Amino acid sequence: MFQIEFDSSDDKVVGIDLGTTNSLIAYMDLSRPAIIPGEDGDKLVPSIVSLSESGEIIVGNPARQELIDHPDRTIYSVKRLMGRGVADVQDELKLFPFRIADDSDSVIRVRLGERTFTPPEISAFVLRQLKKNAEAALGQPVSKAVITVPAYFSDAQRQATRDAGRIAGLDVLRLVNEPTAAALAYGLDKRKEGVIAVYDLGGGTFDISILRLNDGIFEVLATNGDTHLGGDDIDNLLLRIALEDLQSEWGEDLSTSGEAVQTLRKGVIAAKEALSFSQTATIAFEWKGKSYAREITRELFEGLIRNIVDRTLGPCRNCMQDAAVTPEQIDEVVMVGGSTRIPLVRSAVEVLFRARPHTELNPDEVVALGAAVQAGILAGTVENQLLLDVTPLSLGIEIYGGIASKIIHRNSTIPASASEIFTTGIDGQTNVLIHVVQGEREMVKDCRSLARFDLKNIAPMPAGFARIEVRFLIDANGILNVTARDGRTGKEQSMDVKPTYGLTDEQLEAAIQESIDHAEDDLKNVQVAQARVDADAILHATEKAKRSEAYTDLDPQEKVALEDAIRQLQTAYQIDDHHLIREKLDLLNEATHHLAENMMNSAVSSALKGTKV
Amino acid sequence: MSRDYFEFFELPRNLTVDFADLERRFHALSRKWHPDLFARKSQPEREESLEASAILNDAYRTLRDPVKRALYLLKLEGFEIGEQGSKDVPPELLEEVFELNMALEELRRGDDSALPQLEDARHRFEGMREELDAELSQKFTAWDAAHTQPTLNEIRALLNRRKYVTNLIAQTNVPNRV
């Protein structure tokens, strides 16, 4: 009678903010989105991954200490490497202690101790931790997710994020842009109509999106941003000052010591955060018995970061222009990302948009909460709200002279498509190569190469006779799908796809396979969590029953047996073995049998007593 | 589901469009077809929704813009609309274009004295485009009334000139960092 109903078919869709600095997971709790904290109670899981010397993967807060103790086995801010090639990240390498393996090619491989991992694999470790946290808290398996990405992420960066999800054993139902997710979280749909600007300055990326709200439809008008601008850059400015100080005060160049830099970075971040609330803060650093302290005034700090804040304003103006709105037409401004706590950022935004920005929701949590709302939309539990997002970058194909001919323009509502007809240039030609790029510049070399599609096995015929219809479709995740058809026969045209950056299908399969080895552990964790949820329910119900009149009617022997069963279940509860928990659960069920009967009888008799015949 | 943008929106092949009505239809069709509403459906249904919403968005982008809308209709009505016409200088603009090129040449040599001239040219070209837009709008009404081919011929000629003038405006906007 104490058995609780458990419906495992009710597969929850979770929302995940896979951030540069921190990651969060959330779900829809009835009608409200809620963040699921980790085992340590912290809602933010630092996006830090470490490989212990015994080969174990450590994620989140425990990995934070590893960053100092074992900087060569630990990585943070890996989001900066997602979907990028070695040549792209040279600037990052000067500022971040990424150890790029020599065998990196179109996909970067990062060294952690003696092993190497791709950025999606590292992100997958973070995702797997979040998944585990959610499964433990919800007491049910979690396999479907919405994951957020910066609005300005390219196709390759989006694919890398989706790959990370798949490696972590998640069915990624949708990639959602972070600023749009934040707009959903704010529940601005209560306002029937209006124009909303979302300013999102996170750890490593900056996004600005302008949306029009109309009766539950969130229509993104334009988006802009910089995928390499964020709080990390502010940390690096302060870090540089401190390192220069140390060079002159101690005569030591500490910039090459990973351990020293990480310890100092911690002090720098603490000072930066304190400056949001007070006029001065101190960068404190202890190193090998020596100590360093540098006072930073807010005035000095604001002078330092002015340039970074200004770099966000250009994209904001361009975004307003693309959206064809003036600052006066913007009704609401929403602030997202930890860096928007900085007073200078807030005042710059207020001046630009001439509106006081919304800061009611925690800027670290708002994206994850919005992801949960989007998860609810996909699951059908959130009704009436619909998000119409756009592609941030124009899609082009290479034509004669290395020119990028735009076929889908930036800020087009997605899904969006374009069809082009290709033919052969010489007699008997059997292949046509299509080079697809993303970006706004005229020349292919200034855009970002996305992939090469090789249309092959074309029937030999005179030049110009072949007619191959290629359809480029950007789906609701902002990811390109290409299909080709022979215009003469109507048959599907075969082709090879060579992504310029990112995992090939084979590499992805291999990574997924490897992760399945971990899946068994994950399943076990879920079963343990489920058993604990059931145990909680029966223990709670038994405690309640013990306070009832029915309990006093039990004979002493029964009471002893009951106490014994409770103790056994409580002991089993501590052990990660769901078989044992279930066994003790059944035992307690058995021991409460008579009590349950008594309660039922007294309920019936008291009901009878209350009835006037 | 139709791939003809007008049919998709259940609109006649008219060139004058009531924007508020078009937007209402767009929102209603989005609520019918958006992939978010098909996440729990079967694979074929999901594919249909992706296909339909791509057409819907492409159609909305095309129909809400008067020039794109007219070019699309010309294509539907069998007109070949390539690059031809836009490269040839319309005779009445020969002198203007010659002067513009001279001014641009001076700028390239670092002579900023041509800047005001460029500014003047831009205003003139923008004025021309406004006139063309007014003329186009009249022809749109004419097409909507009778759907006759000669009107489309006239529209095509006007669109070619408009494109040419738009290119000229873009040239006058050349930033002075040459």
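1. Is the crossing of helices α6(B) and α7(B) left-handed or right-handed? The crossing is left-handed, a term used if the near helix is turned anticlockwise from the far one by less than a right angle, with right-handed used if clockwise. The structure is a predicted model, in which local features need pLDDT of at least 70, side-chain atom pairs count only at pLDDT 80 or more, and totals for chains, interfaces and linings use all residues. Residues are numbered from 1 along each chain as its sequence is written, chains are lettered from A and ligands numbered from 1 in the order in which they are written, and side-chain values use heavy atoms, with hydrogens and water left out.

2. The axes of α6(B), residues 115–146, and α7(B), residues 149–172, come within 9 Å and cross at roughly 160°. The two helices are therefore roughly antiparallel (angles over 145 degrees; under 35 is roughly parallel, 65 to 115 roughly perpendicular and the rest oblique). Axes are lines fitted to C-alpha atoms, for helices over the stretch in contact, and angles run from 0 to 180 degrees between N-to-C directions. Helices (H or I, at least four residues) and strands (E, at least two) are DSSP runs, numbered from the N terminus.

3. In chain A, 5 strands form an open antiparallel sheet in the order β20-β19-β22-β23-β26; two strands pair if DSSP finds at least two bridges between them. Strands β20 (403–408) and β26 (495–499) of chain A stand at the edges with a single partner each, so one side of each has no neighbour in the sheet. The twist averages 30° from one strand to the next. Strand β19(A), residues 395–399, is joined to β20(A) by 5 bridges, and Glu398(A) stands opposite Ala404(A) in β20(A).

4. The second largest pocket has a volume of about 1,700 Å³. Among its 49 lining residues, Arg162(A), Asp475(A), Ile479(A), Leu480(A) and Asn481(A) are the closest to its centre. Helix α3(B) gives the most to this lining, with 7 residues. On a 1 Å grid over the protein atoms alone, a pocket is an open set of points with protein on both sides within 12 Å along at least five of seven lines, a cavity is a set where a 1.4 Å probe fits but cannot get out, and lining residues have an atom within 4 Å of a point. Grid points are joined across faces, edges and corners, and a volume is the space filled by probe spheres set on the points.

5. The largest cavity has a volume of about 110 Å³, and β11(A) gives the most to its lining, with 4 residues.
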